[in-house]
Every structure is written in structure tokens, then in C-alpha cells.
Amino acid sequence: MNTWWQHAVIYQIYVRSFADSDGTGVGDLAGIASRLPYLAQLGVDAVWITPFYRSPMADGGYDVADYREVDPVFGTLADVDRVVADAHALGIRVIVDVVPNHTSAAHRWFVAALAAGEGSTERDRYVFRPGQGPDGSLPPNDWRSVFGGPAWSRTTRPDGSPGEWYLHLFDSSQPDLNWEHPEVRAEFADVLRFWLDRGVDGFRIDVAHGLVKAEGLPDEGTDGPATLLEPMASKPYWDQEGVHEIYRQWRQVLDAYSTAESPRIFVAEAWVSDPERLSRYLRADELHQAFNFGYLKAAWDAEQLRAAIDAALATCLPVGAQPSWVLSNHDMVRHPSRYAPDDPELGERRARAALLLTLALPGGAYLYQGEELGLREVTDLPDKVLQDPIWERSGRTERGRDGCRVPLPWAGDTPPFGFGPDGMGQPWLPMPPAWAGHTVERQLADPASMLRFYQRALRIRRELGLAEPLRWLPAPASVLAFERGDGFVCTVNLGAGEVELAAPGDLVAASAHVSRHDDRIWLPTDAAAWWRR
Ligand code: NOJ
């Protein structure tokens, strides 16, 4: 059985910000197609493309109005077919997003639900409830939206009087679906088939831990905002047992399309911090992968990273799955900025070391577009350009996620750096002029660039073909050292100063200069190295 995903490097394309083929200022599918050779040269095994479905774009496309149509800003179904065919021709697999927790308020089901009124069967596909209090003016329970504010919005009746409330764990324009409803289940099984018929190799499942809500929608009993990032223990809307039945059904749908040469996969966005709970999503008849967010959340600290790695291994190994590591995505502050908020040079050093650590671990890895260019979070976007719904829903106290979504710089010396065709206007978010030094064009010409470093690391990883499990080696407290089988060792120095170690073998890759004298080596601070015995 071909288990390509277990060791794959999968590149996340945030489509709005990757490459713009037609000068709208927004990235699109034809833009992706034109840059596939770049991704082949980078050396990735697959891409995950974020939602390109028809959407009012209240949440960057995670508010889907039609699951089977491409939004005109991104292109057409024919463009999807071209991306899939061209990627496959280059040996790159294609994973697309599925967003099952909520639709857009512009989805025909929600439009019909609002029009049909209270008590209608149309409303059963969502979570409508009467309010509390004598006049129903209080929300049905105390749940809070992940994006800030209450998780309920009140409807207005045709006569203008206030009516029922509906649940939205995210923006008010993203009503939660009722997964107890058989039509909801049937519809999504069909949506999966629709994209599988078009040849996609798998799905990333948005908010995979959120679909089923606790019976009776009990109060959660806390006043803080809901958050995706905190441990999920016992929230009545996360990680309910009933989600597993859904994924077992989905797995049957998917497996009907899988062949021995080309199995299709699911990867879960499941913010479930308890390893035992998370491992349930990875059982043999459910999903293939789940992002390791514990690894992403760990600070640049040996103890924290080691604990996150151990937790991920404890999640996956008992159920026969392999971990999938991730350091950045379109929801999180880019990791060079997380690891060194005020020091770009330090951030880049740590990001190089983090890449070697990540690529040496057992399992697969997800890269987020732009990390191969060493891009940092953009922290000075003016208020007026912010688009993330978090900005408004938090009462303009949280700036949201736009800073990691700024379009990629491809070429040239001034914004928009070849993001779109020559002569185009400004992209949907402004690009920092200082990115002139980070363009793909500039970095391809510089053997010492981050991009060239990523290309080399991916090539060497592929050549090494590591398959053995990880075994920690004795090392100073601030050093991570492990071997894979007998032949490969990775060492990472997270301490404040250079460390002297016994040479673990011959150097095959390093994120910084490593000195050697006979059988002793000196590994600088914030550096990683790979060794072959
Ligand atoms: C997780 C996605 O990654 C994020 O971008 C989105 O806002 C929420 N799910 C809601 O769909």
C-alpha cells in the first residue's frame, strides 16, 4: 500500500495571496497553475489549497456559499482541473479544503431557512433556538464566538420584530450546520465525491472537532471568549464523541476512490490538545493526519519542543498513524516572528534550525507559503486595510490574522513584486517595500538565501528517505538530539551559547556553520545539524 502522505512535505497555498494571474489584486487558480514549476523545484510532494469556493469572503473564503462552484475571483472549475492535471504531471498531489462546520449566510440553505421562518424544516439544517428571558432577548446559552462576541445572532421576523437566534461559532455570517440532520450528512458526502471525481488527492477538514455539539447545548460556564487555541477540554462544542461517526462515514466515501497506487487522504484541523483524544481522529477507519498544533504552539525552547514532539508521537503511534508537523499557517503569527519578535536576524536563524528539526522528525510536514522565503509577520498593516473579521468582532482590540496573509513577493524591486501581471494595481493587502530582499527572484540568485536553504533541505531529506522511528539521545538540557535508526542523527542547539558535542557522524546539512576538530564538534546557538553515521 502506498502511504505517500505519511512522509510527505505538503505546501499550504493560501490562494488569495499566492499568485494573481489577472491583476484583480487577489491570487487565483491560474496563478497557482503558473507557479507549479516553482513548487516542483522547491521539492514538495503535495499542495493543500485553501477554499476557492463561491463565497462572500467574510472570512477569506471559509464562508462557503456553494461547495461545488469556484468563486469568480479565483477562476473556474476548468482552472481547478488544470491545477490538478498540471500538478499531477509534476508529481505533486493536490489537497483541497472542506468546510463542514458552517456555511456562509449566503448559502442557499441559510437563505431558505431565514425565509421559511420559525419552526420550519428549512431551519433544522442549522442551529436555530428561541432566546432566553421573558422576551427572548437573551441568547440561548453562554457560548462565545471564536472571533469574539456572542456565538449567537438574533433573526428579524418579516414584520420587523426580533425572532429566533442562530448559532455561529465563528463570524455571524458563518452559521453552524446541524450535523444531526441527515440531509447535511448526505450533502457533504456528495460534496466529497464531487471533488474526488475531479481528481483531488484529499481534503483538509476545517474545524474538524466542531461539527457535533453537546446534547441540549448546555452553557459552558465560563465568560472568556471561545478560542481555537486553548486546550479544548470539555467544551460543549468541541471534540464531541459524535464527530467520529461522521469521519467513519467519510472514510468509506474516500476509500471508494483510493487505489493502491494513489490513496486519498484526510487531514484534520482539530484543536484537541489531549493526545489520547486526538488519536481517536486517527484511528484506522477515520482520518489519516491531524496537524500537530502543540508543536506549532511550543516556544523556541528545548523542553517545550521535546514535550510537543513526545505528545505528537504518543498521539499517533498507538493508532498506527504518523505525525504531521506544522510551524505556520494562515491563522497563526509566522514562526520567524514568533521565535524572535523584535530581531529578524535571530528569527531567520531560528527558522532555519526549526526547518531542519521539523524535516528530521518522523512523519510528514506542512509548509506555509512564504516561509521558504523567510517572510515575517507584517505587523504594521494600517487599520483601514484589515479584513479579518476578528478585527471588528473583537471591537478592534485584536488585529487578527491578516499579518500572515500578505501576498507573496515573486520578483522586482517594488511592491507588488510580481504578485500579479505588470501594471496591476495594489494587491488586497499592501506588501512591505522591504520585501524587495525576499523575492523569489532575488533568492534564487543567492545560494545562501532561505529559499535555496529550503530547496537543499528538502532534497537531502528526500535522498535520506528516513523511515525509522525517533530515539532521543543523551544531550545537554538545551540541546535536542535524536537518531532515526542507526544511520541518521539530528542535533539542535536551543541554548544561549555554542555547545561542544562528540561528533555524531559526518555532517550532511546544517543551518549555520558547525566547527569540527577530530571527533568534537561545536554547534552554535540557534542552529541545527544533520549527521550521517
Ligand atoms: C479555521 C481556518 O483555518 C480559519 O482560517 C477559519 O477562520 C476558521 N477555521 C473558520 O472556518
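## Contact between α1 and α2

In this predicted model, Leu29, Ala30, Ile32, Ala33 and Leu36 of helix α1 meet Asp79, Val80, Arg82, Val83, Asp86 and Ala87 of helix α2, where contact stands for heavy atoms within 4.5 Å. The residues of this contact divide into eight nonpolar, no polar and three charged. In this division Ala, Val, Leu, Ile, Met, Phe, Trp, Tyr, Cys and Pro count as nonpolar, Asp, Glu, Lys and Arg as charged, and the others, Gly among them, as polar.

Helix α1 covers residues 29–42 and helix α2 residues 77–89; their axes come within 9 Å and cross at roughly 15 degrees. The axes are lines fitted to C-alpha atoms, for helices over the stretch in contact, with angles from 0 to 180 degrees between N-to-C directions. α1 is therefore roughly parallel to α2 (angles under 35 degrees count as roughly parallel, over 145 as roughly antiparallel, 65 to 115 as roughly perpendicular and the rest as oblique). The crossing of α1 past α2 is left-handed, that is, the near helix is turned anticlockwise from the far one by less than a right angle. Helices (H or I, at least four residues) and strands (E, at least two) are DSSP runs numbered from the N terminus.

Glu483 belongs to strand β15, residues 479–484. Glu483 is buried, at a relative accessible area of 7% (buried is under 20%, exposed over 50%, partly exposed in between, with a 1.4 Å probe and protein chains only).

The side chain of Glu483 makes polar contacts with the side chains of Arg471, at 2.6 Å, and Arg533, at 3.0 Å. A polar contact is a pair of N or O atoms within 3.5 Å; within protein, one must be able to donate a hydrogen and the other to accept it, and residues adjacent in sequence count only if both atoms are side-chain atoms. Beyond four places in sequence, the residues touched by Glu483 include Pro469, Leu470, Phe488 and Val489.

## Surroundings of Asn141

Asn141 sits in the loop between β6 (128–129) and β7 (152–156) and is buried, with a relative accessible area of 4%. The side chain of Asn141 reaches the backbone nitrogen of Trp143 at 3.0 Å, and a polar atom of that side chain lies 3.1 Å from the backbone oxygen of Leu217. Outside four places in sequence, Asn141 is in contact with Gln132, Trp152, Leu217, Pro218 and Asp219.

## Basis of the values

Residues are numbered from 1 along each chain as its sequence is written. Local features of this predicted model need pLDDT of at least 70, side-chain atom pairs count only at pLDDT 80 or more, and totals for chains, interfaces and linings use all residues, while side-chain values use heavy atoms, leaving out hydrogens and water.
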